[in-house]
Amino acid sequence: MCVLLDYMKDTLEKQRLNDRPDNRGWKKWGPYLSERQWGTVREDYSVYGDSWEYFSHDHARSRAYRWGEDGIGGISDNKQHICFSFSFWNYNDPILKERLFGLTGKEGNHGEDVKELYYYLDSTPTHSYMKMLYKYPILEYPYEELLAQSRARTKHDQEFEILDTGIFDDENYFDIYIEYAKADQNDILIKLTAYNRSGKKAKLAILPTLWFRNTWSWGYKDYSQKPMLTGIAKKQVEVSHPLFSKYKLYLEDADDVLYTENETDMKRIFGKPNKSLHVKDAFDQYLIHDNKKAVNKNNIGTKMAGLYEKNLEAGESVEIRLRFSEQTDIKEPFQEFDTLFEAAQKNADEFYAVVQEDIKSEEQKRIQRQAFAGMMWNKQFYYYNINQWANGDPKMPFKFSGRNFERNSTWKHAYMHNILSMPDKWEYPWFAAWDLAFHTVTLAKIDADFAKRQLAVVLREYYMHPNGQIPAYEWNFSDVNPPVHAWATWKVYEIDKEQRGGKGDFAFLERIFHKLLLNFTWWVNQKDEDGNNIFGGGFLGLDNIGVFDRNAQIPNMKLRQADATGWMAIFTLNMLRISLEISLDRPVYQDMASKFFEHFLHIAAAINNNMEQGMLGLWDEEDQFYYDKLHTPDGRTVFLKIKSLVGLIPLCAVEVIHEDLLEKLPEFKKRLEWVLKNRPDLASLISRWHEPGKGETHLLSLLRGHRMKMVLKRLFNEDEFLSDYGIRSLSKFHEANPFIFNLNGEDLSVRYTPAESDLSIMGGNSNWRGPIWFPLNYLIIDALHKFSQYYGDDYEVEYPTGSGEITTISKSAYAISERLIKIFERNAEGKRASLSGYETYDKEEFFKDHYLFHEYFNGDTGEGCGAAHQTGWTGLVADLIEEVNSKHKRS
């Protein structure tokens with residue numbers, strides 16, 4: 001039971017959040033459907049692990065999914081047993097539009113890519129109100145053209161996008177707004193409004209669809225009872241599921257109601273007789289192929305759809321209303337519909353009015369609110385029982401003989417069955433460990449409990465490997481992502497503590513700390529190969545940033561990584577700070593604080609040792625920068641002199657400790673002073689410890705003094721890292737000066753590439769050789785603010801480098817934030833950098849107020865690249881907007 005805190009009394013939405021911290025109650029129903037279940041590892045039962053080819057988009061309309069469901073603008077319960085979404089037909093397409101279309105990893109010239117236009121416009125944290133927009137062409141959707149054009153392009157070409165087809169020219173499309181409003185926890189009002197934006201009359205079929213995830217076909221006794229949908233005239237559908245009380249779907253003025261089974265069309269997929277008379281693709285067959293026998297005339301099934309056939313005049317709109325409710329005896333389900341809907345919208349507006357009270361710019365309010373909306377809509381029920389998946393089910397629609405290539409074979413303990421924050425529910429409809437950590441920092445701003453649960457769940461024993469490794473992502477759980485969970489834990493704790501009026505959630509912090517300790521031990525045992533506090537780890541999320549694939553094992557060579565070692569220094573300081581905080585309540589944790597204090601000093605000593613003196617350090621005195629280092633078979637050590645984020649990550653290993661905190665923890669302070677006295681070699685690494693900074697603070701960092709100034713000089717140089725739109729992932733220096741390395745007789749190179757990748761390393765669907773990435777920018781900004789806490793205004797820097805402008809670290813951090821925010825704001829010409837590739841986005845009336853939150857951004861122009869709905873970590877723009885406006889308020 002939560003205690004109702006003063007800050008939670010502001011709005012009805014905040015009171016609902018306070019009711020319970022889990023994904024039940026007001027959060028039981030939400031946007032938990034995926035946008036692409038096909039082409040995932042979970043649905044792949046192929047011999048050689050070809051997930052994209054095994055279960056294709058073409059199969060999806062006819063084949064029952066095993067592990068999840070997808071749809072357009074859909075919702076489900078928190079375990080995805082009952083699902084709802086919309087389907088459409090423009091009377092021109094060859095198939096019913098039941099799900100979003102995109103290219104597979106092999107079909108796209110830069111990897112997988114959704115080829116649809118849709119926007120997440122609004123959502124409260126409890127999903128009491130949600131809104132999205134789908135733009136559906138009136139003419140035949142250009143499936144074949146998108147495939148042919150993309151296949152003909154190379155990695156050096158731009159992607160062929162849906163706007164390039166001309167299908168949306170002259171506003172020749174439907175704008176379809178999908179909205180949900182909760183009258184109560186289990187009473188959901190559903191409204192669809194479709195606009196014909198063209199100058200001609202156009203037909204549109206709308207199919208609001210309700211169905212059950214298929215749990216009964218796989219031979220498990222616990223799921224042997226089949227649920228049932230039963231039609232009552234054309235107005236009501238009774239929903240009977242053994243795990244739920246009775247529900248009803250109320251339909252207003254449907255032309256017809258269609259029923260079938262969520263069962264595989266065996267004849268179409270496997271060339272075998274169908275076991276059911278009615279199968280998954282029945283509505284496609286009924287509507288497009290005029291097969292009236294495809295649907296069940298007895299009005300029963302496990303899948304149903306209302307059918308609304310509309311012929312809209314130019315500029316005309318139509319509204320469809322439905323109600324899904326646990327109240328099964330509502331006599332007039334639509335009588336108070338509009339009033340209830342308006343109340344839900346008002347509650348959403350009131351909630352965000354409080355969240356955004358310090359923001360003056362209306363444009364920044366829109367950007368932030370749509371960023372939060374994307375975070376909320378990208379929640380998904382993620383289900384993956386690896387042991388079951390590996391062994392196959394008791395009953396399967398095909399003969400399963402196992403796999404020659406079995407992914408995640410060492411993770412058979414894993415049983416994932418939760419609502420998780422996805423990077424992008426089409427392009428990345430699976431959790432990614434380090435993405436998720438960054439997500440929580442933004443999520444905490446509006447729903448700290450959900451953020452805390454996200455951090456906790458991936459550390460649970462049914463996710464984390466028994467050896468302490470955190471699963472990376474479903475394509476390979478054993479891949480190594482940067483250890484950022486401790487950093488995110490502390491950030492979320494601080495946000496939550498402020499919201500709670502200064503009272504921290506010690507139980508959360510202690511719970512997470514123990515699991516992080518296991519992960520820390522895994523890192524030390526597995527990635528510090530020689531026990532010298534210099535770490536490896538492989539690609540570490542920065543897919544193609546190295547001159548070769550850093551995941552590859554190079555015979556007789558060892559790679560020592562500046563980013564891995566920097567990440568571990570960050571991890572160590574995070575664990576130190578967390579243990580100090582817990583020590584205020586549990587003094588015994590001072591021992592852990594001492595352990596991490598000393599471990600940090602050992603890492604600092606290792607990374608900063610002088611190479612010329614035969615040491616292992618990763619700091620290059622000649623260039624005044626951190627680099628990866630390669631140890632060759634003949635005993636040489638070679639710096640891989642690539643000026644990239646790899647060398648900037650050590651800057652982020654910084655923590656500020658206040659003197660008053662030390663006074664409250666005498667055992668830790670005693671041990672700290674002993675180390676400083678008796679280990680002068682380590683004490684010299686934090687030489688300013690006895691020189692209190694601003695407000696009696698003490699500094700722990702890998703960088704200080706001269707070296708810090710040299711790194712900041714590069715960081716703030718517009719000819720190197722500093723773009724008009726943030727910090728580049730690779731210095732622009734390498735545009736004219738590519739780094740070239742000869743490996744086994746082959747010349748490999750790294751050249752500044754500001755937009756999409758021109759290589760296939762790690763799939764080629766992302767690029768860390770120049771573009772701007774929000775998570776690393778945010779981490780750098782966060783570090784600069786910590787340095788400012790210690791130095792105050794005494795530490796001056798030139799920003800930008802060479803400009804002659806002298807400023808403080810704090811002001812330079814805020815200036816970078818403003819450059820990042822500028823990616824989404826209109827310039828003097830009314831254009832947004834993120835959408836600058838197409839005039840349509842800023843010139844056309846029905847596009848100009850909607851935002852896309854791309855995976856990364858062109859290092860020169862700010863144009864969005866990669867996944868277009870990766871609000872996940874690009875949602876950090878919401879945090880930056882808040883921080884910049886809070887600074888203005890204080891000043």
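Biologist: Two strands pair if DSSP finds at least two bridges between them. Which residue in β3 is the bridge partner of Ser76?

Modeller: Cys83 is the partner of Ser76. Strands here are DSSP runs of E with at least two residues, helices are runs of H or I with at least four, and both are numbered from the N terminus. This is a predicted model: local features need pLDDT of at least 70, side-chain atom pairs count only at pLDDT 80 or more, and totals for chains, interfaces and linings use all residues. Residues are numbered from 1 along each chain as its sequence is written, and side-chain values use heavy atoms, with hydrogens and water left out.

Biologist: How many bridges join β2 to β3?

Modeller: Three bridges join β2 (residues 72-77) to β3, and the two strands run antiparallel. Their hairpin has four residues between the strands. Gln80 in that hairpin takes a positive phi near 55 degrees.

Biologist: And which residue of β10 stands opposite Ser87?

Modeller: Leu207 stands opposite Ser87. Eight bridges join β3 to β10 (residues 202-212), again antiparallel.

Biologist: How many residues of β3 are buried?

Modeller: Eight of the eight residues of β3 (residues 82-89) are buried, so the strand is largely enclosed by the rest of the structure. Buried means under 20% relative accessible area, exposed means over 50%, and partly exposed is in between, using a 1.4 Å probe and protein chains only.

Biologist: Which β3 residues point which way?

Modeller: Ile82, Phe84, Phe86 and Phe88 point one way. Cys83, Ser85, Ser87 and Trp89 point the other way. In a regular strand the side chains alternate between the two faces of the sheet.

Biologist: What joins β20 to β23?

Modeller: Three bridges do, and the strands run antiparallel. Leu559 has Leu630 as its bridge partner in β23.

Biologist: Now charges. How many salt bridges does the count come to?

Modeller: The count comes to 65. A salt bridge here is a side-chain nitrogen of Lys or Arg within 4 Å of a carboxyl oxygen of Asp or Glu.

Biologist: Where do Asp447 and Lys27 lie?

Modeller: Asp447 is in the loop between α10 (433-446) and α11 (448-457), while Lys27 is in the loop between α1 (12-19) and β1 (29-30). They are 420 residues apart. The two form a salt bridge, with the closest N and O atoms 2.6 Å apart. Both are buried.

Biologist: Which parts does the Arg268 and Asp58 pair tie together?

Modeller: Arg268 lies in α5 (residues 266-270) and Asp58 in α3 (residues 57-60), so the pair ties together parts 210 residues apart in sequence. Their closest N and O atoms are 2.8 Å apart. Arg268 is partly exposed at 34% relative accessible area, and Asp58 is partly exposed at 38%.

Biologist: Which residues are linked in a network of salt bridges?

Modeller: One network links Asp449, Lys452, Asp496, Arg500 and Asp505. Asp496 is also among the buried residues of α12.

Biologist: Is α12 enclosed or open, and why?

Modeller: Twelve of its 15 residues are buried, so α12 is largely enclosed by the rest of the structure. Those buried residues pack against α10, α11, α13 (506-527), α14 (562-583) and α22 (774-791). Contact means heavy atoms within 4.5 Å.

Biologist: What follows α12?

Modeller: Gly501 follows α12, with a positive phi near 70 degrees.

Biologist: Last one. What does Arg407 touch?

Modeller: Leaving out residues up to four places away in sequence, Arg407 touches Val41, Gly49, Ser51, Trp389, Glu474 and Trp475. The Arg407 side chain reaches the backbone oxygen of Gly49 at 2.9 Å. Arg407 lies in the loop between α9 (386-391) and β19 (415-421). Arg407 is buried, with a relative accessible area of 13%.

Key. A polar contact is a pair of N or O atoms within 3.5 Å; within protein, one must be able to donate a hydrogen and the other to accept it, and residues adjacent in sequence count only if both atoms are side-chain atoms.
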